[in-house]
Amino acid sequence: MSDNKIILPVNEKLQVFIRESNYEGELPCFYHENLFPELQVLIKNWKAIRDEVLEFESMNGVIKGRNNYSSPELSSDNSWSNFYLENFMWRIHRNRKYFQFTCSVLDKIPNCTLGVISILSADAT
């Protein structure tokens, strides 16, 4: 880790969903990438990860699936699709076999607890 540290403001409550419309805390909605140097491997490999997803979709069709870990408005059939590779450090081998490069990148991230191919539909409602 870098010397930059996240310091929670006094009386701050962490929320699962942070949205501009209802978040009233003092923390920013996004953090600078320098706070998470261990994630640089994602930044360096995003094009290859994207290409692997596009190749999968060209052979198997568009990744489509309900997001069972989110609020109902993000879970409509025409909204957000997730393809889980790892969840709470449980590796989902039946999915990982399709994204070997992406998983090799995820495996380089210390303490990675979630790996998901997450796609927001262009016509999301």
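Rings of Phe, Tyr and Trp (its six-membered ring) pair if their centres lie within 6.5 Å, with planes under 30 degrees apart counted as stacked, over 60 as edge-to-face and the rest as tilted. By this rule, five aromatic pairs are counted in the predicted model. Two of the pairs are set out here.

| Pair | Distance of centres | Angle of planes | Kind |
|---|---|---|---|
| F56 and Y98 | 5.3 Å | 65 degrees | edge-to-face |
| F56 and F99 | 4.9 Å | 45 degrees | tilted |

F56 belongs to helix α1 (residues 40-60), whereas Y98 sits in the loop between α2 (93-96) and α3 (100-106), so their pair ties together parts that are 42 residues apart in sequence. Helices (H or I, at least four residues) and strands (E, at least two) are DSSP runs, numbered from the N terminus. F99 lies in the loop between α2 and α3 as well, and its pair with F56 in α1 therefore ties together parts 43 residues apart in sequence.

Buried means under 20% relative accessible area, exposed over 50%, and partly exposed in between (1.4 Å probe, protein chains only). F56, at 12% relative accessibility, counts as buried, while Y98, at 39%, is partly exposed; F99 is buried, as is F56. Together with F83, the residues F56, Y98 and F99 form one aromatic cluster.

As for the whole protein, three helices and three strands make up the secondary structure, in the order α-β-β-α-α-β from the N terminus on. Of the 125 residues, 30% count as buried.

Residues are numbered from 1 along each chain as its sequence is written. In this predicted model local features need pLDDT of at least 70 and side-chain atom pairs count only at pLDDT 80 or more, whereas totals for chains, interfaces and linings use all residues, and side-chain values use heavy atoms, with hydrogens and water left out.
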